Amino acid sequence: MRGVNADSRRVPPSAVRSAPARLAGPGAVLVAVAGAFAYVGAVDPNEPGHYPVCPLLRLTGLYCPGCGGLRSAHAFVHGDLAAALQANAPAVAGYLVFAVLWGVWAFRAARGRPLRIDPRPLHLWTAGALLLAFTIVRNLPFGGWLHP
C-alpha cells in the first residue's frame with residue numbers, strides 16, 4: 001500500500017475491547033457523581049452540622065468561590081434552578097460543563113476513541129479570572145446578592 005505507513009493501519013487497543021468494557025470508566029464516574037448528588041440531595045446542607053464549614057469562611061469571614069456549592073447542588077437536585085444559581089452560579093456552570101464533557105467522553109468511549117481535552121492557556125486564564133472576579137465581587141459590600 002503506497003503512501004500508508006504501518007502505524008496508520010494499527011487498530012487502537014481501545015477499539016478491540018467490547019463496548020461495555022469501553023464504557024466502564026464513564027459508567028463508574030457517572031455512578032460516583034450520581035451517588036454524591038443523591039447524598040447532597042438527601043442531606044440538606046442548609047441545616048447546620050451535616051457538612052464541615054468552609055475553612056476560609058471560618059478563619060477570615062470571606063466567601064471562597066466554592067462557598068455555597070453544596071447548597072447549590074442540593075437546590076439543583078431538587079429542580080430549583082433559581083436557588084442553585086443564587087447559592088453558587090459558577091458551580092451550576094460546572095455541573096453543566098461536566099455533563100457535556102461526560103457525554104462526549106461516553107460517546108467517544110462507545111466508539112473506541114479516547115477523550116482528549118486540551119484547553120488552551122487563554123481558556124484556563126479566562127476561567128481563573130472569572131472565578132477570581134466572582135470571588136472578589138461576592139465579598140464586596142455591593143456583592144451581597146452573591147452570598148450563599
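Tutor: Let us begin with a histidine: His 74 counts as buried because its relative accessibility is 12%, and buried means under 20%. Please keep in mind that this is a predicted model.

Student: Where is His 74 found, and which residues is His 74 in contact with?

Tutor: His 74 is found in helix H5. Leaving aside neighbours within four places in sequence, His 74 is in contact with Val 40, Gly 41, Val 43, Asp 44, Pro 45 and Asn 46.

Student: Why does Gly 41 count as buried?

Tutor: The relative accessibility of Gly 41 is 11%, and the cut-off for buried is under 20%. Gly 41 therefore counts as buried. This glycine, Gly 41, is found in helix H3, residues 24-42.

Student: What does Gly 41 touch, not counting residues up to four places away in sequence?

Tutor: Gly 41 touches His 74, Val 77 and His 78 on that count.

Student: Which residues in H5 are buried, and what covers them?

Tutor: In H5 the buried residues are Gly 69, Ser 72, Ala 73, His 74 and Ala 75. What covers the buried residues of H5 includes H3 and H6. Just after H5, Gly 79 takes a positive phi of about 80°.

Student: What makes H6 roughly antiparallel to H7?

Tutor: The axes of H6 (residues 81-110) and H7 (residues 121-138) cross at roughly 165° and come within 11 Å. Angles over 145 degrees count as roughly antiparallel, so H6 is roughly antiparallel to H7. The crossing of H6 and H7 is left-handed.

Student: Which residues of H6 and H7 meet, and how are they divided by class?

Tutor: Ala 87, Asn 88 and Pro 90 in H6 meet Leu 131, Phe 134 and Arg 138 in H7. By class, the contact has four nonpolar residues, one polar and one charged.

Student: Where in the chain is confidence lowest, and where is it highest?

Tutor: Confidence is lowest in helix H1, residues 13-16, at a mean pLDDT of 56, and highest in helix H5, residues 69-77, at 94. For the chain, the mean pLDDT is 86, and 89% of residues reach 70 or more. Where pLDDT is low, the predicted coordinates should not be read in detail.

Methods
Residues are numbered from 1 along each chain as its sequence is written. This is a predicted model: local features need pLDDT of at least 70, side-chain atom pairs count only at pLDDT 80 or more; totals for chains, interfaces and linings use all residues. Side-chain values use heavy atoms; hydrogens and water are left out. pLDDT is the predictor's confidence in each residue, from 0 to 100. Helices (H or I, at least four residues) and strands (E, at least two) are DSSP runs, numbered from the N terminus. Axes are lines fitted to C-alpha atoms, for helices over the stretch in contact, and angles run from 0 to 180 degrees between N-to-C directions. Angles under 35 degrees count as roughly parallel, over 145 as roughly antiparallel, 65 to 115 as roughly perpendicular and the rest as oblique. A crossing is left-handed if the near helix is turned anticlockwise from the far one by less than a right angle, and right-handed if clockwise. Contact means heavy atoms within 4.5 Å. Ala, Val, Leu, Ile, Met, Phe, Trp, Tyr, Cys and Pro count as nonpolar, Asp, Glu, Lys and Arg as charged, and the others, Gly among them, as polar. Buried means under 20% relative accessible area, exposed over 50%, partly exposed in between (1.4 Å probe, protein chains only).
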